[in-house]
Amino acid sequence: MKIKNLLLAATAALMLGAAGATSAKADLVFATDAAPYPPFTSQNAAGEWEGWEYDILQALCAEMNEKCTLIPIAWDGIIPALLEKKMDGIFGSMSITPERQKQINFSDMYYNSASVIIGPKGGDHNISPEALKGKTIGAQASTTHANYVEKYFVPAGAISKTYKGQDEANADLAAGRLDLVQADGVTLGSFLASADGACCEVYGAVPVDVEVLGPGVGVGLRKEDTALRDKINAAIKSLANKGVFEEMTKKYKLDGLLTLPPKG
């Protein structure tokens, strides 16, 4: 009888160990643009990540009971890096678009914001394609904003100039090497609030074209990783219902600037 009890106890211990291993945190690696993209993601002087989007990533990972790491990858190579399995997903303000969906899947939307044009203070705020004929418009390469410039402004006579990072485009505008910049309105707001951005102001938001700009930002994932997509979607919904997105938005003083995931 004692031997039988010992065997039963040993079996129970093994089962408990297996259960513990199942619930233990796994490691997930996400990538974002190597260039700073405040107030969403950037690295401070100590090399630590910070920003609204980084805080949301940490909240999502906690909700999924996962340990997550964020790594920097050049934006124009970030989708190839995902397909080459250098990370598990893209968490870097990537808009969900039909063109990108040919290669990868996306989670549900976790925020959206307007695409705007900025230029020197006191300039003509008419941003119709016809009014921008002959103007040089800067945008980050491989973004929805650069695609928008190519679709609407270049055919009307504007000149497109693309950059690896948004900060490079902003610097050229401040230095007078560009006439205008098109990008996300929130991150451009951070630039305009800085000393370097004192040169410039918002001219207006461009008319929405969902085919180009997409319905919002999602986590970029490989098509086969459906279980991870479902897990992330459940976490987004849970955080939305708990009011976490609103809390983070207030923390970064972005109230009214972001469209957030619906509750329910």
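Rings of Phe, Tyr and Trp (the six-membered ring in the case of Trp) are called a pair if their centres lie within 6.5 Å; planes under 30 degrees apart count as stacked, over 60 as edge-to-face and the rest as tilted. The model is predicted, so that local features need pLDDT of at least 70 and side-chain atom pairs count only at pLDDT 80 or more, while totals for chains, interfaces and linings use all residues. Residues are numbered from 1 along each chain as its sequence is written, and side-chain values use heavy atoms, with hydrogens and water left out.

**View 1. Ring pairs link Phe30, Tyr37, Phe40, Trp52, Phe91, Tyr110, Tyr111 and Phe245 into a cluster.** By the ring rule, the count comes to 10 aromatic pairs. One of them is the edge-to-face pair of Phe30 and Phe91, with 6.2 Å from centre to centre and 75° between the planes. Phe30 lies in strand β1 (residues 27-33) and Phe91 in the loop between β5 (89-90) and α4 (98-101), so this pair ties together parts that are 61 residues apart in sequence. Helices (H or I, at least four residues) and strands (E, at least two) are DSSP runs, numbered from the N terminus. Both Phe30 and Phe91 are buried, where buried means under 20% relative accessible area, exposed over 50% and partly exposed in between (1.4 Å probe, protein chains only).

**View 2. Trp52 and Tyr111 form an edge-to-face aromatic pair.** The ring centres are 5.3 Å apart, and the angle between the planes is 80°. Because Trp52 lies in helix α2 (residues 52-63) and Tyr111 in the loop between β6 (105-106) and β7 (115-120), the pair ties together parts that are 59 residues apart in sequence. Trp52 and Tyr111 are both buried.

**View 3. A salt bridge joins Lys251 and Asp55.** A salt bridge is a side-chain nitrogen of Lys or Arg within 4 Å of a carboxyl oxygen of Asp or Glu. A search of the whole structure finds 12 salt bridges. In the bridge between Lys251 and Asp55, the closest N and O atoms are 2.7 Å apart. It links distant parts of the chain, with Lys251 in helix α10 and Asp55 in helix α2, 196 residues apart. Lys251 is exposed, at a relative accessible area of 54%, whereas Asp55 counts as buried at 16%. Lys251 and Trp52 are 199 residues apart in sequence and 8.3 Å apart in space, C-alpha to C-alpha.

**View 4. Lys231 and Glu66 meet in a salt bridge through their side chains.** The N to O distance is 2.7 Å. Lys231 lies in helix α9 (residues 226-242) and Glu66 in the loop between α2 and β4 (67-73), so the pair ties together parts that are 165 residues apart in sequence. Lys231 counts as partly exposed at 35% relative accessibility, and Glu66 is buried at 11%.

**View 5. In helix α6 (residues 166-174), Gln166, Ala169, Asn170, Asp172 and Leu173 are buried.** These residues cover an arc of only 160° around the axis, which puts them on the same side of α6; the arc is that of the directions from the helix axis to the C-beta atoms. The elements that cover the buried residues of α6 include β7, β8 (136-140), β9 (159-163), β10 (180-184), α7 (185-192) and β11 (200-205), with contact meaning heavy atoms within 4.5 Å. Asp172 is also linked with Lys161 and Arg177 in a network of salt bridges. Gly176, which follows α6, has a positive phi, near 85°.
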